[in-house]
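Here is a walk through one model, with the helices, strands and aromatic rings taken in turn. Have the structure open while you read.

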Amino acid sequence: MSRASRILDLLQVLRGFRRPVTAARLAEETGVSLRTIYRDIDTLRGQGAVIEGEAGFGYALKPGFTLPPLMFGDDELDALILGLRLVMKRGDPDLEEAATKALAKIEAVLPEERWDEVASNGLRAGPAEASEAPHLGAVRRAMREETKLRLHYTDKKDAVSIRVVWPIVVGFFAGSEVLAAWCELRGDFRHFRLDRIADAGVLGERYPRRRRVLLAEWRAQEGIDV
């Protein structure tokens, strides 16, 4: 999480409490350390937030403070809204929740006169099939943690196999999601459609090379510049 996102999260949590709240509770709510809470409280105070209290007694945000409004062009705002709405339809509950929160944060820090642009935006995302990518969450976790993934996979010829792979990147296309990974069985990069994965288990064993290195090699092999 970026520092700006972390501070915005803290501000949102403080707004949710009417009474002073301890630093320990704030740390629990935001998932950071006590030291980070103290530092971020000082940052918010430096930006003009009136936060009453101190360590050991709890903190309370005095109403009225807002961060400087984010300035987006019309096309930028359209791109953000459509992108987040597409993510909400991918069938991954964690991504859906994150996208919903992100959209709410964008709306909260826009100038007041632009709030209606989010609610009335004309770009919508259609629903995805429920079985389109049921294991996207496990794949994302394995990529984030750089751990091996065991797949029960059915290829286009209906041949079933069990593969241990090192997940690199997921490509989102109009009709499917495709995982690019190093396959231990084949000793090379392979591509797996997520809707053909019957089961995906995160093994917890880190793969021996960094994902960014594998990503660079895969991009070079595929002739992908960006």
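## Two buried rings

Trp182 is buried, and Phe189 is buried too (buried means under 20% relative accessible area, exposed over 50%, partly exposed in between, with a 1.4 Å probe and protein chains only). These two rings make an aromatic pair of the edge-to-face kind, with 5.2 Å from centre to centre and 85° between the planes. For the terms: rings of Phe, Tyr and Trp (its six-membered ring) pair if their centres lie within 6.5 Å, and planes under 30 degrees apart count as stacked, over 60 as edge-to-face and the rest as tilted. Trp182 and Phe189 also belong to one aromatic cluster with Trp166 and Tyr207.

A word on the source: this is a predicted model, where local features need pLDDT of at least 70 and side-chain atom pairs count only at pLDDT 80 or more, while totals for chains, interfaces and linings use all residues. Residues are numbered from 1 along each chain as its sequence is written, and side-chain values use heavy atoms, with hydrogens and water left out.

## Another aromatic pair

There are four aromatic pairs in the structure. In one of them, the ring centres of Tyr153 and Phe192 sit 5.0 Å apart with the planes at 90°, so this pair is edge-to-face. Tyr153 comes from strand 3 (residues 147-154) and Phe192 from strand 6 (residues 188-193), so the pair ties together parts 39 residues apart in sequence. Helices (H or I, at least four residues) and strands (E, at least two) are DSSP runs, numbered from the N terminus. Tyr153 and Phe192 are both buried.

## The sheet and its helices

Five strands make an open sheet in the order 6-5-4-3-7, with antiparallel pairing (two strands pair if DSSP finds at least two bridges between them). Strand 6 and strand 7 (197-206) are at the edges with a single partner strand each, so one side of each has no neighbour in the sheet. On average, neighbouring strands here are turned by 45° against each other, direction ignored. Strand 3 and strand 7 pair in the antiparallel sense over six bridges, and Tyr153 has Ile197 in strand 7 as its bridge partner.

Helix 8 (residues 211-222) packs on the sheet, where it touches strand 4, strand 5 and strand 6, and its direction makes about 85° with that of strand 4. Contact means heavy atoms within 4.5 Å. Axes are lines fitted to C-alpha atoms, for helices over the stretch in contact, and angles run from 0 to 180 degrees between N-to-C directions. Helix 7 (residues 136-145) lies across strand 3, strand 4 (160-172), strand 5 (177-183) and strand 7, running at about 75° to strand 4.

The buried residues of helix 1 include Ile7, Leu10, Leu11 and Leu14. Among the elements covering the buried residues of helix 1 (residues 3-15) are helix 2 (23-30), helix 3 (34-46) and helix 5 (93-109). The axes of helix 2 and helix 3 come within 9 Å and cross at roughly 100°. That makes helix 2 and helix 3 roughly perpendicular (angles under 35 degrees count as roughly parallel, over 145 as roughly antiparallel, 65 to 115 as roughly perpendicular and the rest as oblique).

Strand 1 and strand 2 pair in the antiparallel sense over four bridges, with Glu54 opposite Gly58 in strand 2. Three residues lie between the strands of this hairpin, and Gly56 takes a positive phi near 95°.

Terms used:
The expected span of a helix is 1.5 Å times one less than its number of residues.
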